[in-house]
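Hi,

Please find the structure below. My notes follow it.

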Amino acid sequence: MANHGLIVGLDVGTSTIKVLAADVRDQQANIVAVGRSVAHGVKRGIVVDIDATANDIRQAIAQVNEQTDVPVTEVVASLPANNIQIQHVSGMVTVKDSQHISYADVAAAVKQAIKIQLPADREVVELLPTEFIVDDFDGIQDPNDMVGMRLEMKGSPIQPPGTS
């Protein structure tokens with residue numbers, strides 16, 4: 001998650017929103033900017049006012065933008081571990097073109113796997129594939145360019161609570 005050499009971290013805390021920008025070169029990180037604002041929309045670690053929190057995040061990022069020549073376009077955000085849920089899922093698809101597995105087939109299997117019923121206040125933020133199975137052959141890490149008729153993906157989606 002680099003922004004032209006920058007890695008930007010975002011921490012939404014109960015009392016403070018913090019943004020830290022580091023320039024990473026030759027396996028070394030140098031802090032180049034820090035932004036901070038009061039968290040008006042967070043109570044006990046939970047976002048209770050999305051608009052207020054978004055404004056506070058924008059304010060902290062604007063401070064970082066003032067200190068660097070590269071505008072922030074991506075951030076790595078921290079999530080509170082006590083609110084994260086992980087469950088095992090799987091999705092299966094029939095391979096489309098002449099039994100030659102492509103990244104489109106992999107994407108279709110992933111999409112099928114995350115078609116799970118979630119409570120209204122939850123969403124999948126990341127899917128960690130644990131294995132792929134091609135025609136009953138398991139333990140495959142990357143099925144792209146393999147030949148098969150059926151592709152299955154097993155993994156674990158990460159679901160923090162929603163903010164609404």
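D136 is exposed, at 62% relative accessible area. Exposed means over 50%, buried under 20%, and partly exposed in between (1.4 Å probe, protein chains only). This is a predicted model: local features need pLDDT of at least 70, side-chain atom pairs count only at pLDDT 80 or more, and totals for chains, interfaces and linings use all residues. Residues are numbered from 1 along each chain as its sequence is written, and side-chain values use heavy atoms, with hydrogens and water left out.

Salt bridges

D136 forms a salt bridge with R150, with the closest N and O atoms 2.6 Å apart. D136 lies in the loop between β9 (126-134) and β10 (137-140), and R150 is in strand β11 (residues 150-159), so the pair ties together parts that are 14 residues apart in sequence. R150 counts as partly exposed, at 31% relative accessibility. On the terms: a salt bridge is a side-chain nitrogen of Lys or Arg within 4 Å of a carboxyl oxygen of Asp or Glu. Helices (H or I, at least four residues) and strands (E, at least two) are DSSP runs, numbered from the N terminus.

How many salt bridges does this rule give? The count is three. Side chains of opposite charge can pair when their charged atoms come close.

Another one joins R25 and D23, at 3.0 Å from N to O. R25 is exposed, with a relative accessible area of 52%. D23 is buried, at 18%.

K18 also pairs with D11 in a salt bridge. The closest N and O atoms there are 3.3 Å apart. K18 is partly exposed at 33% relative accessibility. D11 is partly exposed at 29%.

V24 sits in strand β2 (residues 16-25). V24 is partly exposed, at 35% relative accessibility. With I7 and V76, V24 makes a nonpolar surface patch of about 200 Å². Patches are made of residues with over 30% relative accessible area and no salt bridge; like charges are joined within 9 Å, nonpolar side chains (Val, Leu, Ile, Met, Phe, Trp, Tyr) within 5 Å. Accessible areas come from the Shrake-Rupley method with a 1.4 Å probe, and for residues only the protein chains shown count as cover.

Next, the loop between β2 and β3 (28-38), where D26 is found. Phi of D26 is near 50 degrees, a positive value in a residue other than glycine. D26 is exposed, with 77% relative accessible area. Q27 is found in the loop between β2 and β3 too. Q27 is not a glycine either, yet has a positive phi of about 60 degrees. At 84% relative accessibility, Q27 is exposed.

T68

Is T68 buried or exposed? T68 counts as buried, at 14% relative accessibility. T68 is in the loop between α1 (50-67) and β6 (76-77).

What does T68 touch? Leaving aside neighbours within four places in sequence, T68 is in contact (heavy atoms within 4.5 Å) with L6, V32 and A33. A polar atom of the T68 side chain also lies 3.0 Å from the backbone oxygen of V70.

Best wishes

Definitions and conventions
Polar contact = N/O pair within 3.5 Å; in protein donor to acceptor, adjacent residues only side chain to side chain.
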